Amino acid sequence: MRTILITGSGGSGRTTIAAATALAAAREGTRTLVLSADRTDTLGAALGAAAGPEPNRVAPDLTAWRPDAAAGFRDDLTAFQERAAGVLDLLGAARLDAEEVTPLPGAEELSFLRALRDAALSERFDLLVVDLPPVPGALALLSLPEELRRYLRRLLPPERRAARALRPVLGKLTGVPVPSEWLYDTAARWDTELAAVEAVLADRDTVVRLVAEPGPAGADAVRTAALGLALRGLRPDVVVANRVLPERAAEGWPSGLVAQQRKALEEWQESYDVRTVPHLGHDPRGTDDLAALPVPGVNEAPSTVEWPVTDRRADDGVLVWRIPLPGAIRDDLDLVRRGDELVVAAGPFRRVVRLPSVLRRCTVNGAALREGELRIRFAPDPDLWPRTR
């Protein structure tokens, strides 16, 4: 299955573009599912048919789905209470009824990621179109699986499972209860589920698409999104310039606004594959309006970006890790080496990445930002690097 992740600046019409993209694919005979992360049914309003907690067929070959985060959280909490029944009874804790449970912060995002995974792995559809939140929320959502997996590995390392036979003895010796088997089993299950989501996001058949209205606010959103995506090893396959006005001001549009849009379009076209969608003169509603929007189809070019390691030991005695960061500013960059991990901060974004195996036996020799690319130099550590005769 191919997956198109669509995000953009707030108010850019990203949901409309997502709905139009899904509808166009369905009308070509592609079995399509459009998935929404919005709390309100903006997707249903665009399609002219409700998108609810269960997948709803809204047109031939087109299904819409807006998962219910509250229901997913209640199911997860009920399952957790059943597995932890012994511990809860020992503590004298009163269990929560499903009716009194409201989602905690973060539960909505996890519920949506699970729905995205299930949809992407489904064999019922050929194309998945995902209407993500605006850029800041979308970037946080895309980074969540990797960050949660890292936290799980630190708090409950899988290696400790091998010592499960010693836990009762360790508990008696230390006087501190050792986590029981079900806790490690739960962590392993969560890790597997999060890994499946990561695999979907990193798949070569998954692309990220940006929607923005040409202008200063849209330009800021595209610039911010491009940097945040680059730090995740991604780039937009297409920038959809939405609500583009006719070039002739005589058609009733302010000439200043038209000129502003043209300037933004020219800047975007220097760096991105830009597709324009004209302003209809009203907010699109229903399949007829959506069909009138010339949205781009499925792009075969992947959104994933390689971070190669270049061997320059013969010339400079170093290996260079090249990380594309378009739009990054030198003063807003920060790097910290922490064991086998590198903490990279670029503007408002931060990511902890595991070093490639060849670089774990090296020390950081320096770094430079050139032509939108961060180049980190690593020198082989004589104590760890294989000696040659």
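In which helix is threonine 15 found? Threonine 15 belongs to helix H1, which covers residues 14-27. The model described here is predicted. With a relative accessible area of 9%, threonine 15 is buried. Apart from neighbours within four places in sequence, its contacts are Asp38, Thr42, Leu43 and Asp131.

**Overall composition and confidence**

The protein chain holds eleven helices and 15 strands. Of its 389 residues, 45% are buried. The accessible surface of the chain amounts to about 20500 Å², and carbon and sulfur atoms account for 52% of that area. When contacts between residues at least 6 apart in sequence are considered, 68% of them connect residues at least 24 apart.

The mean pLDDT of the chain is 84, with 81% of the residues at 70 or more. Residues 169-176 have a pLDDT below 50, and this stretch makes four contacts in the model beyond near neighbours in sequence. Where pLDDT is low, the predicted coordinates should not be read in detail.

**The eight-stranded sheet**

Eight strands form an open sheet with mixed pairing, in the order E3-E4-E2-E5-E1-E6-E7-E8. Its edges are strand E3 (56-59) and strand E8 (274-278), each of which pairs on one side only. On average, neighbouring strands of this sheet are turned by 25 degrees against each other, direction ignored.

At one end of the order, E3 pairs with strand E4 (residues 62-65) in the antiparallel sense through three bridges. Within this pairing, alanine 59 lies opposite leucine 62 of E4. Helix H10 (residues 255-269) lies across strand E6 (206-212), strand E7 (236-244) and E8. The helix runs at about 170 degrees to E7.

**The four-stranded sheet**

A further open sheet consists of four strands in the order E9-E10-E15-E14, and its pairing is antiparallel. Strand E9 (309-312) and strand E14 (362-370) are the edge strands; each has a single partner strand, so one side of each lacks a neighbour in the sheet. The twist from one strand to the next averages 25 degrees.

Inside this order, strand E10 (residues 318-324) and strand E15 (residues 373-380) run antiparallel and are joined by six bridges. One of the residues involved is proline 324, whose bridge partner in E15 is glutamate 373.

| Strand pair | Sense | Bridges | Residues facing each other |
|---|---|---|---|
| E3 and E4 | antiparallel | three bridges | alanine 59 and leucine 62 |
| E10 and E15 | antiparallel | six bridges | proline 324 and glutamate 373 |

**An aromatic pair**

How many aromatic pairs does a search of the whole structure find? The search finds one. It is formed by tryptophan 307 and tryptophan 321 in an edge-to-face arrangement, with 5.9 Å from centre to centre and 70 degrees between the planes. The pair links distant parts of the chain, the two residues being 14 residues apart. Tryptophan 307 lies in the loop between helix H11 (286-291) and E9, whereas tryptophan 321 lies in strand E10.

Are these tryptophans buried or exposed? Tryptophan 307 counts as buried because its relative accessibility of 16% falls under the 20% cut-off. Tryptophan 321 is also buried, with a relative accessible area of 4%.

How values were computed:
Residues numbered from 1 in each chain as written. Predicted model: local features only at pLDDT ≥ 70, side-chain atom pairs only at ≥ 80, totals over all residues. Heavy atoms only, no water. Buried < 20%, exposed > 50% of the residue type's maximum accessible area, 1.4 Å probe, protein only. Contact = heavy atoms within 4.5 Å. Areas by Shrake-Rupley, 256 points an atom, 1.4 Å probe, with all protein chains shown as cover. Pairing = 2+ DSSP bridges. Axes fitted to C-alpha atoms, helices over the stretch in contact; angles between N-to-C directions. pLDDT = per-residue confidence, 0-100. Phe/Tyr/Trp six-rings, centres within 6.5 Å; stacked < 30°, edge-to-face > 60°.
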